[in-house]
Amino acid sequence: MSTKISLLFAWLLLCLNVHGQVQAIEQQFTVAQDGSGDFRTIQEAVNAVRDHSQIRATIRVKNGTYREKLVIPAWKKNITLIGENAEHTIITHNDFSGKDFLQRDFTGNTKFSTYTSYTVLVQASDCTLQNLTIENTAGRVGQAVALATEGDRIDVYNCRILGNQDTLYTSKDGRNFYKDCLITGTTDFIFGEATAIFQHCTIQSLTNSYITAASTTREQAYGYVFLNCKLTANEEATKVYLGRPWRPFAKTVFIDTEMGGHIVKEGWDPWKGDNMFPEKEKTAFYAEYNSTGRGANANARIAWSKQLTREEREKYTIENILSGWVPGKKLRLQPSGIPDTSFSVKGSYLHEITRHPNIRIADSTMPATVQVVRNVAYRTTPGGKKLLLDIYKPKKRGKTLFPAVLMVHGGGWRSGNRTHNNTLARQLASKGYICITADYSLSTHALYPAAVHDLKAAVRWIRSHANDYGVDTSRIAVLGFSAGGELAAFVGATNGVSKFEGISGQNDGSSTVQAVIDIDGTLAFIHPESGEGDDSRSISAATYWFGYPKAERPDLWTEAAPLAHVSARTPPFLFINSSVDRMHAGRTDFIQKLDAFGTYSEVMTISDAPHTFMFFDPWLEPTLARVSAFLKKVLPDGKRAVSRKAGRIKAAPVSGSFLCRGYRYKVPGTGRCRRRIFALRLRQ
């Protein structure tokens with residue numbers, strides 16, 4: 001009975017562990033009407049998103065006209081909905097106030113109302129819409145909403161929001177942000193209670209009427225704010241008001257906005273005839289600053305509107321208006337889906353040649369003893385992207401099994417490609433190693449920890465295909481440069497940590513590595529020595545990778561540091577560093593942790609070398625020599641009868657001592673293992 005209880009308890013723990021792994025994965029879906037995606041309708045994809053997820057889900061929608069009444073309910077937060085093209089990815093419907101409801105709505109009404117006429121309703125918080133057309137095609141039949149928002153922190157980019165009366169309903173008191181959008185309509189076509197910024201948007205009036213009808217509450221500091229927008233009209237619209245107050249404390253401000261001649265000289269209307277609120281002009285706040293164009297008539301505006309002073313205008317920052325939320329910076333950055341080719345070996349050479357005139361790009365000739373197998377698919381990501389690798393291996397094999405080295409390219413987790421490691425891979429393969437250069441998910445397509453999942457999958461792939469290429473599965477190392485060095489260090493430091501393996505069902509086999517070579521890759525992001533996360537001039541590479549600035553998600557930045565995961569399972573490390581100190585942030589602390597576990601490490605620092613030294617002579621040769629010497633030391637060759645059992649290495653004597661209990665050396669003549677391998681670190 002006790003055995004059965006123990007087995008049941010173990011099974012429950014396993015289920016909880018698997019569930020925890022799944023929860024940590026970013027969901028990505030594709031919608032395509034032709035069946036080439038995960039779903040044919042957008043609503044199906046929204047329904048598939050995990051409820052109350054703390055991890056962002058990305059839904060990519062291929063071009064097409066989607067005739068849907070789409071709802072993103074409150075419990076489906078953290079969704080990004082990205083269309084393939086704003087003009088050709090269309091969500092459309094045609095309900096309107098007064099139209100017969102099929103049965104009854106939730107209030108018991110038999111007809112649609114303004115509030116139920118929407119084409120798209122976003123009730124959830126932290127949702128992003130991008131590259132979409134959202135339209136209500138009911139025509140000029142009264143209130144007919146295209147997009148309605150109810151959640152907080154909703155941002156909309158490059159979308160076309162099309163309708164007539166009541167096109168955009170920003171209901172409730174959440175925060176909205178619209179950038180580079182086209183919004184069209186007739187009467188009150190931007191209306192509601194939310195605090196909303198419209199930046200670089202085109203607002204097009206289709207007939208003589210009113211653009212805005214804000215219902216801002218007394219407690220809100222800001223209502224609608226238009227920044228650097230453009231107000232246009234078709235030929236029919238010649239007399240259009242900037243707005244009228246739906247409720248007494250309506251707030252609407254236009255700043256640096258170009259106004260066409262269709263805007264009336266008075267600018268604003270008090271909405272007379274509202275018996276419930278007869279004198280709204282006394283409490284509403286309508287203002288402008290630096291309006292331009294034919295419709296900009298500051299001296300002719302109605303007396304109860306306001307022209308902001310320069311000092312007052314300075315208060316209208318995005319951070320102030322949105323109460324600390326800065327879309328795309330303070331909350332999250334989403335993958336653009338557009339490859340970044342900014343980092344290249346040639347570009348690095350042109351950058352460094354002025355400071356190091358004697359350097360040259362290292363010879364990439366293929367040694368006669370090496371052959372290559374190219375473009376081997378090793379994984380398909382959850383987002384549907386096929387990842388490839390190239391295999392450089394000795395031509396002469398026989399029955400010899402070779403150690404393998406997975407090589408991870410740099411490029412700020414955002415740029416670069418596997419070919420950047422070709423030269424080092426060819427030269428190292430000529431010394432008796434099977435070198436695998438691999439793609440992985442860059443931040444332009446998937447955020448942390450997607451790249452980690454990919455590389456651990458690559459290690460598992462190497463093991464599962466060991467017989468095909470002559471790999472000794474007990475001798476697998478991972479090597480990386482720059483961002484690739486950080487990733488290589490992370491893969492090694494998290495040996496045996498199931499959390500970082502990736503989605504369930506793809507983690508058959510072991511992703512454990514027996515050695516790590518970190519070439520100028522940081523080991524800690526939040527650290528006195530670290531230069532990552534400075535977004536003061538431009539968004540840093542790490543911020544793009546995490547999707548959050550350091551101050552917003554320090555827990556994420558800490559978790560992604562290899563330094564946070566050093567354990568007894570962490571293998572020997574070789575650190576090869578340039579003269580750029582910030583590129584080895586956390587190295588001293590990392591080595592101290594390795595020492596505490598008795599794990600071997602070496603440090604090679606190349607004085608006066610730039611960060612990209614490994615691509616150039618005269619630095620490639622000493623780098624190659626040190627890598628080869630290190631691997632021979634920590635991964636004894638097959639002639640010494642190396643075997644692995646239960647995660648432990650046993651080997652014949654090597655120079656008077658031998659490896660035991662993982663990576664600790666046995667003290668000659670004692671039969672016992674030392675706590676540390678070497679007291680003296682090797683430095684150059």
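Modeller: Buried means under 20% relative accessible area, exposed means over 50%, and partly exposed is in between, with a 1.4 Å probe and protein chains only. Helices (H or I, at least four residues) and strands (E, at least two) are DSSP runs, numbered from the N terminus. This is a predicted model, so to speak of local features we ask for pLDDT of at least 70, side-chain atom pairs count only at pLDDT 80 or more, and totals for chains, interfaces and linings use all residues. Residues are numbered from 1 along each chain as its sequence is written, and side-chain values use heavy atoms, with hydrogens and water left out.

Colleague: OK, which residues of β18 are on the covered face?

Modeller: Ile203 and Ser205 are on the covered face of β18 (residues 202-205), while Thr202 and Gln204 are on the uncovered one. In a regular strand the side chains alternate between the two faces of the sheet.

Colleague: And how many bridges join β15 to β18?

Modeller: Four, and β15 (residues 182-185) runs parallel to β18. Two strands pair if DSSP finds at least two bridges between them. In that pairing, threonine 184 stands opposite glutamine 204. Four bridges also join β18 to β21 (residues 230-233), again parallel, and there serine 205 has alanine 233 as its bridge partner.

Colleague: What's the mean pLDDT of the chain?

Modeller: It's 87, and 88% of the residues reach 70 or more. For the record, pLDDT is the predictor's confidence in each residue, from 0 to 100. Residues 7-24 stay under 50, and the model gives them eleven contacts beyond four places in sequence; a contact is heavy atoms within 4.5 Å. Residues 639-684 are also below 50, with 95 contacts beyond near neighbours in sequence.

Colleague: New topic: what's the strand order in the open sheet of eight strands?

Modeller: It goes β28-β29-β31-β30-β32-β33-β34-β35, with mixed pairing. The edges are β28 (370-380) and β35 (601-605), each pairing on one side only. From one strand to the next the twist averages 20 degrees. Inside the sheet, β32 (residues 471-481) and β33 (residues 515-519) pair in the parallel sense over five bridges, with glycine 480 opposite aspartate 518.

Colleague: Which strands does α13 touch?

Modeller: Helix α13 (residues 620-634) packs on the sheet and touches β30 (402-408), β32, β33, β34 and β35, its direction making about 160 degrees with that of β33. Helix α12 (residues 587-596) lies across β34 (573-577) and β35, at about 165 degrees to β34. Axes are lines fitted to C-alpha atoms, for helices over the stretch in contact, and angles run from 0 to 180 degrees between N-to-C directions.

Colleague: How many residues of α6 are buried?

Modeller: Seven of the eight in α6 (residues 422-429), among them Arg426 and Asn422.

Colleague: What about glycine 410, buried or exposed?

Modeller: Glycine 410 counts as buried because its relative accessibility is 2%. Glycine 410 is in the loop between β30 and α6. Beyond four places in sequence, glycine 410 is in contact with residues including Phe343, Phe481 and Ser482. Its C-alpha is 9.5 Å from that of threonine 612, 202 residues apart along the chain.

Colleague: Aromatics next. How many aromatic pairs does the search find?

Modeller: There are 36 in the whole structure. Rings of Phe, Tyr and Trp (its six-membered ring) pair if their centres lie within 6.5 Å; planes under 30 degrees apart are stacked, over 60 edge-to-face, and the rest tilted. Phenylalanine 101 and phenylalanine 112 make a tilted one, 4.6 Å centre to centre with 50 degrees between the planes. Phenylalanine 101 is partly exposed at 24% relative accessibility, whereas phenylalanine 112 is buried at 11%. Tyrosine 349 and phenylalanine 616 are tilted too, at 6.1 Å and 55 degrees. That pair links helix α5 (residues 345-352) with strand β36 (residues 616-617), 267 residues apart.

Colleague: And which residue has its charged end over tryptophan 271?

Modeller: Arginine 244, at 3.8 Å from the ring centre. The test is NZ of Lys or CZ of Arg within 6 Å of the ring centre and within 35 degrees of the ring normal. Lysine 69 lies over the face of tyrosine 118, at 4.2 Å.
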